[in-house]
Every structure is written in structure tokens, then in C-alpha cells.
Amino acid sequence: MKYLGIKPQKIRVGVFDFTGCEGCQLQLANKEDSLLDFLSLLEVVNFREVSSHRGQDYDIALVEGSISRDDEIERLKDIRAQAKVLVAIGSCACFGGVNNLKNHYPLKDVVKEVYGDRHIETSEVKRVGDVVKVDMQIPGCPVSKSEVENIIVSIVTGAEVKIPKYPVCVECKQKLNTCVVDLGEICLGPITRAGCGAVCPTGKVGCLGCRGPAEDANYDSLMEILQAKGHSKAAIEERLRFFNAFSGELKNES
Ligand code: SF4
Ligand code: SF4
Ligand code: SF4
């Protein structure tokens, strides 16, 4: 596409994976219906899941996964040094994600349980933001593909980046769902940032909080309501720990 006969320079994007299941990258790679429009704005120069090209001249780095080995720290710092904008994508990158559960046990016990006597390099799980400066976080396990695309297009065009601040309950109520708390489930929807379309409660499963805290989340009130419904504090805290997205609040509790 040309404007006034001049071919505009595309923004170069690199997608990088660290410790995770690569589900967030798959979300981007699978987006055939909007992929061509998306790529008309961008040039993807480094994305292991879709291309063997390994360009190092990217402007925006999308980083998936948490950091769980020393060599990952060095690689992440190199990516940060190159990128003008670094975006953490997915709950692993933003919060540590499910990988962070291993931090609750002695590292040597985890290694023994999972790998037996095999030598394996692994360390405590860190968020991407624990290692380098992060310009933006797009949470979710996995991320919402349309949300990532909308945010990247907003960054490229200088438009305001919109990510919901209100809780999952808003989207859940818009879908006229029966509240799963009334069905005896623990649900973190009242304190979790919306944007997923309340997919878990719509499927009759309580929200696990993969998108992290909503603005002005009222933890005390949720704790009170869930405990009044018969759930133990330990069970609620276990749910809050699942993605490590509420670690700040759990620190305040202890
Ligand atoms: S956030 Fe979820 S989908 Fe994305 S890499 Fe981590 S575990 Fe996989
Ligand atoms: S099911 Fe969960 S997200 Fe839906 S209204 Fe109830 S508490 Fe909120
Ligand atoms: S309902 Fe909760 S756990 Fe499920 S996708 Fe949405 S934010 Fe994540």
C-alpha cells in the first residue's frame, strides 16, 4: 500500500517466548481472519512459531512466558536493549503465571518430583517485569488475540490503548449468566480485570483470576462473601495464588 506514492515504513515486531506453554503465541499465529489486515501495518521480523527468519531489528517486542533460568535473564535483557517498546503478553509474563506455583515449594523438591535424578537447570520463577522494564502488560491465559491486535495497532497508530479496568462480573452479567458463587463455586470475577468475555463463569467454572486485579478491587468484601458461603480462607487464597496475579494483596494479608 502506498500513500502519495510513498510506501510507508512498517513497524517491525518480534515475538519471543520464555517459560510457558506457548499458548499465547498460538493465539496470535492462529488469527487467520484478521492476520492479513494486522500484517499490513506491521512487519514480523522474528517469531519462531511462524517463521524461520530471525531478524534483530524489531521496534516492538512481544514477550511471552515467565523467567525461570539464568540464561533467560541475559536473553531478555538483550531483547529489552533492542526494543523501543516491550510488551509482556500473557499471565506467565505479567505475573509469573501457573509456573510461579513452584516458588511455593523448595526448588530441589520440585526438581526431584518432576525430573527425578536428571540434571536440569531451573531457578525461581520471575515475572518479566522483575528483570527488565515493561512498557505494557496484556494479561490472560491465554491472551485474547483481538485484544493483543487492538493494543498493538493502538501503539503503532498512537491511539489511546484501551484495556478494561472494570471486573469480570460486568461481562458476566451482560451475558445474563447465573452467578456460580450461588452454585457453590469460588469465583474471582469481582476482583479480576475484564476483557475475556467472562469465559469461565459462562462455562460454569469460577474465575481463576488470570487477568489480574481490576481497578479498586475489594478483596475484603470478596473474602467476606465467599467465607459466608462456606469457603475456607485457605481455599480462597489458593485460588488467588493460582496465577500469582494477586501476590501484592496476599502479602498484605499475611
Ligand atoms: S499465559 Fe497461559 S497460555 Fe500464555 S504461555 Fe502462559 S500458560 Fe501458556
Ligand atoms: S459468576 Fe463470577 S464473574 Fe459471574 S457474576 Fe458471579 S462472581 Fe461475578
Ligand atoms: S474468567 Fe477469569 S480465569 Fe477465566 S479467562 Fe476470564 S479472567 Fe481468566
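Reply: Start with one term: a residue is near a molecule or strand if its C-beta atom, placed from the backbone, lies within 6 Å of it. This is a predicted model, where local features need pLDDT of at least 70, side-chain atom pairs count only at pLDDT 80 or more, and totals for chains, interfaces and linings use all residues. Residues are numbered from 1 along each chain as its sequence is written, while chains are lettered from A and ligands numbered from 1 in the order in which they are written.

Me: How many residues surround ligand 2?
Reply: Cys 169, Cys 172, Cys 179, Cys 187 and Gly 189 are the closest.

Me: Which helix gives the most to the shell around ligand 2?
Reply: Helices (H or I, at least four residues) and strands (E, at least two) are DSSP runs, numbered from the N terminus. One helix, residues 168–174, supplies 4 residues of this shell. That top contributor is α8.

Me: How many residues of the shell around ligand 2 are nonpolar?
Reply: Ala, Val, Leu, Ile, Met, Phe, Trp, Tyr, Cys and Pro count as nonpolar, Asp, Glu, Lys and Arg as charged, and the others, Gly among them, as polar. The shell has 2 polar residues and 1 charged. Its nonpolar residues number 11.

Me: How do the residues around ligand 1 divide by class, and what are the counts?
Reply: Ligand 1 has 14 residues around it, and Gly 20, Gly 23, Gly 90, Cys 92 and Cys 141 come nearest. Helices α1 (23–29) and α4 (91–95) each supply at least two residues of this shell. The division is 6 nonpolar, 6 polar and 2 charged.

Me: How far apart do the C-alpha centres of domain 1 and domain 2 lie?
Reply: The bounds come from an automatic or database domain assignment. That assignment gives domain 1 (11–157) and domain 2 (168–253). Their C-alpha centres lie apart by 25 Å.

Me: Which element gives the largest share of the side of domain 1 that touches domain 2?
Reply: Two residues are in contact if their C-beta atoms, placed from the backbone, lie within 7 Å. The contact takes 12 residues from domain 1 and 10 residues from domain 2. On the side of domain 1, the largest share is 3 residues, and they come from α4.

Me: What share of the 254 residues counts as buried?
Reply: A residue is buried if 20 or more other C-beta atoms lie within 10 Å of its own, exposed if 12 or fewer, and partly exposed in between; these atoms are placed from the backbone. By that count, the buried share of the chain is 36%.
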